[in-house]
Amino acid sequence: MCAKRRKYFAAPFQTEQYWHSLRQHAEQRLKLQQGSSRRLSHERYPASLQAVRREMSVREIELEMQNDELRAAQAALKNTGELYNRLYDQAPVGYVSMDARGIIIQSNLTASALLAISPEMLPGQPFTRFIVPDDQDIFHFLRQRLLAGTASCSAVLRMKKGEGATFSAMVEAKLSQEHFGPGVVLLVLNDITERTVAAAQLHASEERFRGVFENATLGMIIADMHGSWVNVNRALCEMLGYTGPELLAKGYLKLTHPDDVDNSVQFGRRLCSGEIGSYRIEKRYVHKDGTAIWTVLSATTVCDATGLTRQYVGLVEDISVRKLALETLELSHEKLRQFIAHQERVKEGERIRIAREMHDELGSVLTGVKAHLSVALIHDQRNGGTLQPRLDDACALLDTATAAVRRVITELRPSVLDQLGVWAALDWHAEEVCARAGLICHVRLHPETVLLEIDPERSTALFRILQEALTNVVRHAGATRVDVRVSHAYASIRLEVEDDGRGMDCESLLTANSWGLAGMRERAHHFGGDIRFMAVERGTLLVLQLPIRGGA
């Protein structure tokens, strides 16, 4: 009887171990219930009846324990069912089951929300009612594939949402005859409208970029992060004389001019390593016919949707014509500088010639006239004649004329420059100008600098620049003090002229139309030097750096 009963109540998952454990727990509970009444029970009934009674009590306790387990299992099953229902209804995707005729059997709340229809109205509706007519053929073929034996398949369909509105859905279908009967199809609906719109926008953006890429007037390159060209446009092909496949096969190293390979590789490595995000350089490519083409290459990295750098884009602008024009212009400027230097040399030579002629000829004539007048005056005095006032006036005028001639000779070419050298000439001229203008002047010549010997052309340039600088101070600065400092370092002479005047806009001096300033700059540039104007606490500072050798 016990074996039959145990077999009747045993569930498939209940093993002998389970029944043994259940028996032990029941016997323990019986012992606790009997307590002190156990002895009386043994004395009142025979042993056989006591054994039967004990067995029935144990069975009763076992049944109670099994009932408790059953109730707990039912409660757990109920909770699981409620949880499943909540998960099913509130899933982020729509679930729809459809019979063999295409009629909706069941759906969750998400599906009804996607289709904008109440959950009670969906069962009994044909699923094709919610598909845009143009896409119903797609759904028909999807069902045919399922019925032909495909385990599952999917398609993108445009579906109706309420009155007039539509949305894009990814429909995943699976044939399930095991749980829902023959021909039942399980559908999963996922709204991919945003994804579809984003994909369409991305496609449109790619089309626009492709149009710009192919029709751009500048050469364009798309390369991977190893420097290999992935794509080139028509403009670059026309610029270099190759077809697209030929350019991709050759690579940028073979197309780059040998003199520009190192610089190009260096910038490319820095870009690919992430050290820089973009660069712009001038480089030469080699045309198919072997000629060099000057270009400006602008390269920048491009990130994909995940933010990772996958490629870089290069813009190539042909500047060969511009480069030729710049070279021609620079050559013209160089010729102009050489012509100006030649003119300065000619002018300086002419000044020397005129100064010498004035000194030798005009000076001699004036000196002779003065001698004759002086002799005439002496004779009149000795003979007791009356002195002629006009002769005295003539002598005074001759003295004035002689002084004027000496001043003009000095302005043309001071003799101290040729006789005592440039350092004495700088000191003498600064003192002379400041004395005439009533300025306080301090000239500081470094002791080691005055021992330097420089060529006559540089000597003349130094003197003329100082002469022009002091002229500007006297005419425009309104200064009371001028400091002139001369030193040398690194095979270069440094001349500083500082005044305490009203100052000037030093930036505007770089573009000033003053011929004096332009002449100073050209004299310095001719010898490879540099001249700058700087504002100081009060006034202006001129700094000249003139190389002792080279540059001319």
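These notebook entries record what I looked up in a predicted model.

**Ground rules.** I number residues from 1 along each chain as its sequence is written, and my side-chain values use heavy atoms, with hydrogens and water left out. Because the model is predicted, local features need pLDDT of at least 70 and side-chain atom pairs count only at pLDDT 80 or more, while totals for chains, interfaces and linings use all residues.

Entry 1: I took helices (H or I, at least four residues) and strands (E, at least two) as DSSP runs, numbered from the N terminus. Two strands pair if DSSP finds at least two bridges between them. In what order do the strands of this open sheet run? I read 2-1-5-4-3, with antiparallel pairing. Strand 2 (104-107) and strand 3 (152-161) are the edge strands, and each pairs on one side only. From one strand to the next, the twist averages 30 degrees. For angles, I used axes fitted as lines to C-alpha atoms, for helices over the stretch in contact; angles run from 0 to 180 degrees between N-to-C directions.

Next I checked one pairing. Strand 1 (residues 94-98) runs antiparallel to strand 2, and three bridges join them. Serine 97 has glutamine 106 in strand 2 as its bridge partner. Helix 6 (residues 136-147) packs on this sheet and touches strand 1, strand 3, strand 4 (165-175) and strand 5 (185-191). Contact means heavy atoms within 4.5 Å.

Entry 2: Seven bridges pair strand 13 (residues 492-499) with strand 15 (residues 540-547) in the antiparallel sense.

**Entry 3: rings.** Rings of Phe, Tyr and Trp (its six-membered ring) pair if their centres lie within 6.5 Å; planes under 30 degrees apart are stacked, over 60 edge-to-face, and the rest tilted. How many aromatic pairs are there? I count two. Phenylalanine 127 and phenylalanine 139 form a tilted pair, 5.1 Å centre to centre with 45 degrees between the planes. Phenylalanine 127 lies in the loop between helix 5 (109-115) and helix 6, and phenylalanine 139 in helix 6, so the pair ties together parts twelve residues apart in sequence.

Is phenylalanine 127 buried or exposed? Buried means under 20% relative accessible area, exposed over 50%, and partly exposed in between (1.4 Å probe, protein chains only). Phenylalanine 127 has 0% relative accessibility, so I call it buried. Phenylalanine 267 and tyrosine 279 also form a tilted pair, at 5.3 Å centre to centre and 35 degrees between the planes.

**Entry 4: cores.** A nonpolar core is a set of buried Ala, Val, Leu, Ile, Met, Phe, Trp, Tyr and Cys residues joined through side-chain atoms within 4.5 Å. The largest has 38 residues, and Leu462 and Leu544 touch the most other members. Helix 15 gives the most to this core, with nine residues. Apart from it lies another core of 25 residues, including Phe130, Phe139, Leu146 and Ala173.
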